[in-house]
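Please find below a short note for the file on the model under review.

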Amino acid sequence: MCGIVGIVAKTHVNQTIYDALTVLQHRGQDAAGMVTCEGNRFFLRKDNGLVNEVFRTRHMKRLVGNVGIGHVRYPTAGSSSSAEAQPFYVNSPYGIALAHNGNLTNAEELADQMFRADLRHINTTSDSEVLLNIFAHELQRQGKLQPQAEDMFSAVRRVHERCKGGYAAVAVITGYGILAFRDPNGIRPLTYGKRETAQGTEYLVASESVALDIAGFTRVRDIAPGEAIYIDMQGNVFTQQCSDNTQLAPCLFEFVYLARPDSIIDDVSVHKSRMRMGKCLAEKILRERPEHDIDVVIPIPDTSRTSAMEMALELGVTYREGFIKNRYIGRTFIMPGQTERARSVRRKLNPIGLEFKDKVVMLVDDSIVRGTTSGQIVQMARDAGARKVYFASAAPAVKYPNVYGIDMPAANELIAHGRTDEEVCAEIGCDWLVYQDLEDLKGCVGDGNPDIKIYDTCVFDGQYVTGDVDEAYLDRLSMARNDAAKTGSESRVIASNESSNLCSKID
């Protein structure tokens, strides 16, 4: 889960990219990067940290040009070294920089192919660098001194044939323009919009529509699964379907947790889908316990707030804000490592005692993944004086690893894996636990767009839409990406693939 943005404009784009990345910050807090293009030269700045930490005035002044891309990183693989911050760059052909959201399930195989057959060197452990080199190699095979849109699309078609997994990518080709494409299953989101200026029409591609809103762009539509969009330096737009086997199977977890509520993904309002999640949860509670004794519904901020309000309304009970959130602590789910996540919970939330004292409290969260946060919050509620603590999850039980770009790769780190609902309830210490039903969750999203017939539901039911994931793959993934592996990887030093004689790195 990362955030990407690309823009072709009539004036300098550095500030627009910066603004777009700030509203995509929820998609990644580990690193940020930006590449702009002026003439035949790239200007690059990337490093670990939040957007406002990575880009200072001195950097922004040197990020010149009317075309550029940006990225916020959340590590699902490799280390948190700044060497793996994006965008990545290659000088051949033409000079290409690429940013990527998602995960390639055959990255190891592709890296080996790159070395043995394509004679390309992969300098990091990032599958984004693999994706860049695959695209660069296929574009170079077109053999054109001055590539046209059709050459871009032919290269993307070969990328889709070779690459498996969930991915949305945006690339800038020096002197030519911006190219963006989405995997044939449409697992990771990608949308584009335009705005009219006195100088002409400008275009922006981003992971979520909220990035268009903040920059004053009007949303045109989502990029279709397998589709590519190419916008040249003059602002001419070309689109083409680049895969023969496509299906729209968006990730359900985007709507539950990952995306901002003010975004529209695949024509579905994230906010409205979460409202429906709260209503469905309330209906389930009324079916299972029509004589419930809930006094108050309290959300665990921020993602569950919409669902909690609708639940309270449907149940006819009081809604209250019971936790005050420290806005200067990041999202604990995407903290790199279990120790850091656990340490952050108490720093992040503080209960308001009078909202809990002597009450039967229904806590509402978007999901329960590892259970660490949930258990600590239940204990906070008890310490604040709650008589009983119930817990509702807007998502079904998360039982299986995700392989398409969300940081839940090791099954044994998921609290619901191999446990019944009653056992999870005991583990987190609540008096009653209610999960959303999977079919209800699909309906909550599908009501916004009936054309969506299939979803990536792998974390809930272990069904992987790409069809190439087996137990052996999951075992390897778990060994490579569990929290222990990540902690160990922090000490590794990996050389950056940036080269100062090829592009300007701005320090």
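1. The radius of gyration is taken over C-alpha atoms, and the globule rule is 2.2 Å times the number of residues to the power 0.38. For the 507 residues here, a compact globule would have a value near 23 Å, and the protein agrees because its own radius of gyration is 23 Å. Along the principal axes, the C-alpha atoms fill a box of roughly 75 × 50 × 45 Å.

2. On provenance, this is a predicted model, in which local features need pLDDT of at least 70 and side-chain atom pairs count only at pLDDT 80 or more, while totals for chains, interfaces and linings use all residues. Residues are numbered from 1 along each chain as its sequence is written, and side-chain values use heavy atoms, with hydrogens and water left out.

3. The protein has 17 helices and 23 strands, assigned as DSSP runs (helices H or I, at least four residues; strands E, at least two) and numbered from the N terminus. Of the contacts (heavy atoms within 4.5 Å) with a separation of 6 or more, 71% join residues 24 or more positions apart.

4. Buried residues make up 61% of the 507; buried means under 20% relative accessible area, exposed over 50%, and partly exposed in between (1.4 Å probe, protein chains only). The accessible surface, from the Shrake-Rupley method with a 1.4 Å probe, comes to about 18900 Å², and carbon and sulfur atoms hold 47% of that surface.

5. An α-helix has 3.6 residues a turn, so residues three or four places apart point the same way.

6. The bond from Ser 92 to Pro 93 has omega near 0 degrees, and Pro 93 lies in the loop between strands S5 (88-90) and S6 (96-104). The bond from Pro 301 to Asp 302 is also cis, with omega near 5 degrees; Asp 302 sits in the loop between strand S16 (296-299) and helix H10 (305-315).

7. Most residues other than glycine have a negative phi, and most peptide bonds are trans. Tyr 94, in the loop between S5 and S6, has a positive phi of about 70 degrees and is partly exposed, at 24% relative accessible area. Asp 267 has phi near 65 degrees and lies in the loop between strands S14 (264-265) and S15 (268-269).
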